Amino acid sequence: MKIWLRRTHLILTLFSALVLLSVCISGVLLSFAKEAEQWLLGERWQVQSESQLLLQQQGLAELVRRLNKQLPQATPVNTILLEQHPDLAWQAILSDGHYANFNPYNGKLLATYRFEDSLYGFVMAWHRWLLYANGADKPLRPLVSCAALIFIVQLLLGLWMWLRPRKRLRRLRINFSAKPHSVLYQLHTVTGVLLVLPLSLIAFSGMSFYWEKATSSVLEGITQQVREKPVHPLASENAVNNTGEHLDTAYHQARKALSLGELYRIHLPVVATDPLKLRIKMPGESHPYSWAWADANSGVPLGYYDASQANLTTQLWNFRYRFHIGDFYGLTLRLVWLILALVPVFFLLSGLYLFYYRYSRNDKW
């Protein structure tokens, strides 16, 4: 049985090694990629803070008008991404998918680019779909989730091999005076046993961004609750006028619905039945998952969804992004998560070395 487990452990490692190595390295780089980009490309990101934002001074309609005036007529603004730091530029997502950084105090464009051409976007594309995309299709993305699933299986196999013999707790000690290959084996085993839970949860949370339905079903099965999903309402079918007077009314009505939250995104209507959508982070939320809607054609509020009041399953599901990147308890934890992202690389290299050492001595694997 032990030989069978060890061989399965090895085979799964060989199947997933390259993808797992790629995901881990890109994950480490992604941890601080956005901060690095904002520092390296200061002319694109840094602005001089002022007393009031253009959105506060003259309204959403004027902000959208100024942005669209500087953009090609065929690529108007669809979404506005707000930054919480007063010295950072905001972003606009255009109708062709390009991004535009702009000064939130005067609406001046600072740069336009494809998301994948930015440092953060490049590393994100590497981490999530291995850089290869055919338009909107990302055919290699399933490989990333498969590698994460195999890694979880590997952790469980390693835990099983540790549980089978007796004196398990004694085998959690590392004898640094032993031979180098023995110390490496002990480090490999002890690290795997101690970190099996956090590493499995990090891998599972990563899988959830692609295999949403399957991972959500697992969570619902554990908690015995159904995950809540916000239902976006439809607006009236009148012609949309993004720069008209009703856009400002719609914005204020939607913002008033969840006035205690921080505004993170503004989704402008694209077609006649689209409402104005505000994505908001309410107190107690780890990430903005709350919504407020209003009809941009009439200014009539269409409702809101307060994710901070959702059930436990939904709260856990919404927490998965912050948990996956380790950004939920300050810089120290982010650094710990960065180290955790390198642990699978240690498992991979040490495991392959131990296999080579055993095979070279006994001609058996």
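Visitor: Which residues does His-127 touch, not counting residues up to four places away in sequence?
Guide: His-127 touches Val-23, Ser-26, Gly-27, Leu-30, Val-144 and His-324. Keep in mind that this is a predicted model.

Visitor: Ok. What joins the side chains of His-127 and Ser-26?
Guide: A polar contact of 3.0 Å.

Visitor: Which helix is His-127 in?
Guide: His-127 lies in helix α6. Trp-126 is found in that helix too, which covers residues 119-129.

Visitor: What is Trp-126 in contact with, leaving aside its neighbours within four places in sequence?
Guide: Trp-126 is in contact with Ser-22, Ile-25, Ser-26, Leu-29 and Leu-131. Ser-26 is also among the residues that His-127 touches.

Visitor: Switching topic. How many helices and strands are there in the protein?
Guide: The protein has 13 helices and eight strands.

Visitor: What order do the strands have in the sheet?
Guide: The order is β4-β3-β2-β1-β5-β6-β7-β8, in an open sheet with antiparallel pairing. The edge strands are β4 (109-113) and β8 (301-305), and each of them pairs on one side only. On average, neighbouring strands of this sheet are turned by 20° against each other, direction ignored.

Visitor: Which strands does helix α11 touch?
Guide: Helix α11, residues 245-257, packs on the sheet and touches β5, β6, β7 and β8. Its direction makes about 30° with that of β6.

Visitor: What about α5, which strands does that one lie across?
Guide: Helix α5, residues 60-70, lies across β1, β2, β3, β4, β5 and β6. It runs at about 120° to β1.

Visitor: One more helix. Which residues in α10 are buried?
Guide: Thr-215, Ser-216 and Leu-219 are buried in α10. They cover an arc of only 100° around the axis, so they are on the same side of α10. The buried residues of α10 pack against α9 (196-207) and α12 (312-325).

Visitor: How far does α10 reach from its first C-alpha to its last?
Guide: It has 12 residues and reaches 16 Å, close to the 16 Å expected at 1.5 Å a residue. The helix is followed by Gln-224, whose phi is positive, near 60°.

Visitor: Last thing, the whole protein. What percentage of the residues count as buried?
Guide: Of the 365 residues, 46% count as buried. The C-alpha trace spans about 80 × 45 × 40 Å along its principal axes. Among the contacts with a separation of 6 or more, 60% are between residues 24 or more positions apart.

Conventions. Residues numbered from 1 in each chain as written. Predicted model: local features only at pLDDT ≥ 70, side-chain atom pairs only at ≥ 80, totals over all residues. Heavy atoms only, no water. Pairing = 2+ DSSP bridges. Helix = DSSP H or I, 4+ residues; strand = E, 2+ residues; numbered from the N terminus. Axes fitted to C-alpha atoms, helices over the stretch in contact; angles between N-to-C directions. Contact = heavy atoms within 4.5 Å. Expected span 1.5 Å × (residues − 1). Buried < 20%, exposed > 50% of the residue type's maximum accessible area, 1.4 Å probe, protein only. Arc of directions from axis to C-beta. Polar contact = N/O pair within 3.5 Å; in protein donor to acceptor, adjacent residues only side chain to side chain.
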